[in-house]
Amino acid sequence: MNRVISRDGTAIAFDRLGNGEPIILVDGALCSRSFGPMPKLAPLLASHFSVFMYDRRGRGSSGDTEPYATERELEDIDALIKEAGGSAFVLGLSSGAALALEAAASGLNITKLAVYEPPFMINDGGHHARADHQTQLKRFIAAGRRSEAVTYFMRKMVGIPAMFVALMRLMPGVWSKLKAVAHTLPYDADVMGDFSLPTRRLASVTIPTLAIDGEKTDLRLRRAVHAVAQALPKAQRRTLKGQTHNVKPEILTPVLVEFFAG
């Protein structure tokens, strides 16, 4: 494990795997270097790139300096880019994709960007997060009700059916890992804001971008990916056959290699 110091003095933990052009992996909510898709995806990408897999602030071995702001997470990514040599490819998953898009819009030296299903909510009459979601999450965390914060996030914000949330509670070790980083859920809520598509911000992102979705994922997310691709000046879209929001790393990897190495 390595550490880089962000602008506000926060230590950000990361692993570096492989050789080649650097690529920084940006996790979604509740994930880290040890939990989620990145631990399986990073070794596959390491055959082609120098992969930076890091703990977003407040997770795993990274620090967590208050007060939180999305801008601090952008500074974390910038510190990793400088550690990588001054420029890098970036891949973002879910809310990490929204963070990666904001990093590109903020002018960080990202040479190519890939995003998988950023959870923007297009006005389609479907599920939408409540306007006070961040406040609700903070209340749960302040009261030590981490399990309720995770449940609120999954049910009220993401719209996961109750049955699937109940199944997650029964998976050995899974729920405890989710609760361990529940205090960072307000951070992802800050990144997403009201979950609306930042069309004007995306229009300023002029680097080559690949917007990816899964064939079997929620229709809301597929619409979001389509809208992201439409808003970006230099975007292409790919749909992965048979995939959901929990994309299989072995399916995603060759698409990323083709895009970044092309």
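I looked up the burial of F89 first: this residue is buried, with a relative accessible area of 9% (buried is under 20%, exposed over 50% and partly exposed in between, with a 1.4 Å probe and protein chains only). I note that the model is predicted, that local features need pLDDT of at least 70, that side-chain atom pairs count only at pLDDT 80 or more, and that totals for chains, interfaces and linings use all residues. Residues are numbered from 1 along each chain as its sequence is written, and side-chain values use heavy atoms, with hydrogens and water left out.

I then searched for aromatic pairs, taking rings of Phe, Tyr and Trp (its six-membered ring) with centres within 6.5 Å; planes under 30 degrees apart are stacked, over 60 edge-to-face and the rest tilted. The count is seven aromatic pairs.

I examined Y68 and Y187: their ring centres are 4.0 Å apart and their planes are at 0 degrees, so this pair is stacked. Y68 belongs to the loop between β4 (50–54) and α2 (70–83) and Y187 to helix α8 (residues 185–192), so the pair ties together parts 119 residues apart in sequence. Helices (H or I, at least four residues) and strands (E, at least two) are DSSP runs numbered from the N terminus. Both Y68 and Y187 are buried.

I turned to F89 and F260, whose ring centres are 4.9 Å apart with planes at 20 degrees, so they too are stacked. F260 is buried at 3% relative accessibility.

I recorded one aromatic cluster formed by F49, F89, F259 and F260.
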